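Student: I would like to learn how to read a structure of this kind. Please show it to me, and then we can go through it feature by feature.

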Amino acid sequence: MPADTAPVRVLRRPAARDTLSRRGGRTAPWVLMYHSVGACADDPYLVTVSPDRLERQLTWLNRRGLTGVGVAELLRARADGRGNRLVGLTFDDGYADFVEHAVPLLLRYGHSATVFVLPGRLGGDNEWDELGPRKTLLTEEGIRAAAAAGMEIGSHGLVHQDLTQTADGVLAGEVRGSRDRLQEITGKAPAGFCYPYGKVDARVVNAVAAAGYGYGCAVAAGPLTGTHALPRAYVGERDTDARLDLKRLRHLLRRRPLPFDSGHAALPYAREAAPGAGGRAPGRPAAGSPVPPEPRSEQDGR
Ligand SMILES: [Zn+2]
């Protein structure tokens with residue numbers, strides 16, 4: 001039989017989504033980083049998504065068969081082998097708009113999240129962002145309302161400072177003091193800590209682990225990457241469905257498994273790992289990547 005008349009054998013190929021899911025089981029957890037949800041006309045640090053955009057992003061998760069959860073739940077599920085379709089959702093700084101705009105949308109579409117709050121600035125504002133605009137932070141009541149809605153409450157320190165530049169006593173106050181304060185407010189010690197500005201070094205990561213936190217959220221933690229320095233992906237107002245698809249693909253292709261995916265066995269972190277911890281090595285897009293490199297503020301967090 002001539003070759004060109006031979007029957008064509010059609011090979012059944014698994015759907016792309018299933019292929020990605022299997023890869024997903026071997027990668028670091030995918031954790032998305034949000035900050036504020038509200039009007040974005042004046043947003044010099046690109047920390048705001050509009051409620052409309054957040055709603056589209058949550059429905060994108062639903063269409064992909066993914067469920068957003070808080071990071072503690074994500075890590076528990078992965079430890080039990082059931083985390084494949086889960087994505088960590090995090091909201092830094094504890095803006096009051098989290099309860100106003102994000103929580104209703106999360107609940108409507110069947111997701112939950114971790115909100116990292118600042119118990120040293122209850123009801124205050126983001127005065128650390130020099131250019132503004134000023135955004136109100138959650139009060140004690142707001143934090144309790146978020147917890148009552150099923151959201152995980154994590155610590156972002158007390159007042160939002162770069163912990164790599166603090167004296168030991170200040171570091172202890174930010175890490176332990178915020179944990180104690182959140183336990184007073186919610187009745188439960190927080191499981192997670194989020195490093196202000198995404199800034200980490202070995203001293204800071206060790207302090208967070210030693211204070212009893214089960215995990216820490218960074219942005220790009222370089223050689224410190226692990227359960228106490230989890231990488232996260234920035235999500236902003238420009239992230240359409242297509243960009244989210246690309247970001248997810250980039251994560252699945254580039255992120256290696258965490259060196260320490262659960263538990264504290266590898267602590268303390270080696271002090272020599274500190275230099276370059278703010279680097280971008282694990283997640284930097286290749287030249288020509290269809291997803292543009294993230295702006296500086298997105299790499300560092302706020
Ligand atoms: Zn922050």
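Tutor: Start with strand S5 (86-92), which is covered on both faces: Leu-86, Gly-88, Thr-90 and Asp-92 are buried on one side, and Val-87, Leu-89 and Phe-91 on the other. This is a predicted model, in which local features need pLDDT of at least 70, side-chain atom pairs count only at pLDDT 80 or more, and totals for chains, interfaces and linings use all residues. Residues are numbered from 1 along each chain as its sequence is written.

Student: Which strands pair with S5?

Tutor: Two strands pair if DSSP finds at least two bridges between them. Strand S1 (residues 31-34) pairs with S5 in the parallel sense over four bridges, and Met-33 has Thr-90 of S5 as its bridge partner. S4 and S5 also run parallel, joined by three bridges; there, Thr-67 is partnered with Leu-86 of S5.

Student: How should I read a helix such as H2?

Tutor: Begin with its span; the expected value is 1.5 Å times one less than its number of residues. Helix H2 (residues 51-63) has 13 residues and reaches 18 Å from first C-alpha to last, close to the 18 Å expected. Then look at which residues are buried: in H2 they are Leu-54, Gln-57, Leu-58 and Leu-61. Seen down the axis of H2, these buried residues fall within an arc of 100 degrees (the arc of the directions from the helix axis to the C-beta atoms), so they line one face of the helix. On the other side of H2, Asp-52 and Arg-63 are exposed.

Student: What do the buried residues of H2 pack against?

Tutor: Packing is read from contacts: two residues are in contact if their C-beta atoms, placed from the backbone, lie within 7 Å. The partners of the buried residues of H2 include strand S4 (67-69), S5, helix H4 (97-108) and helix H8 (241-254). After H2 comes Gly-65, with a positive phi near 75 degrees.

Student: What does H6 look like, and where does it bend?

Tutor: A bend at a residue is the angle between axes fitted to the seven residues ending there and the seven starting there. H6 bends by about 25 degrees at Gly-177. Helix H6 (residues 168-186) has 19 residues and reaches 27 Å from its first C-alpha to its last, close to the 27 Å expected. Among its buried residues are Leu-171, Val-175 and Leu-182, and the buried residues of H6 pack against helix H5 (140-148), strand S7 (152-155), strand S8 (192-194) and helix H7 (202-210). Just after H6, Gly-187 has a positive phi of about 80 degrees.

Student: Which residues other than glycine have a positive phi?

Tutor: Leu-46 has a phi near 55 degrees, and His-160 one of about 75 degrees. Leu-46 counts as partly exposed because it has 18 C-beta neighbours inside 10 Å, whereas His-160, with 23, counts as buried. His-160 is in the loop between S7 and H6.

Student: Which residues touch the most other members of the largest nonpolar core?

Tutor: In soluble globular proteins, nonpolar side chains tend to be buried together. A nonpolar core is a set of buried Ala, Val, Leu, Ile, Met, Phe, Trp, Tyr and Cys residues joined through C-beta atoms within 7 Å. The largest one here has 66 residues, of which Phe-98, Val-115 and Ala-218 touch the most other members. H7 gives the largest share of this core, six residues.

Definitions and conventions:
Helices (H or I, at least four residues) and strands (E, at least two) are DSSP runs, numbered from the N terminus. A residue is buried if 20 or more other C-beta atoms lie within 10 Å of its own, exposed if 12 or fewer, and partly exposed in between; C-beta atoms are placed from the backbone.
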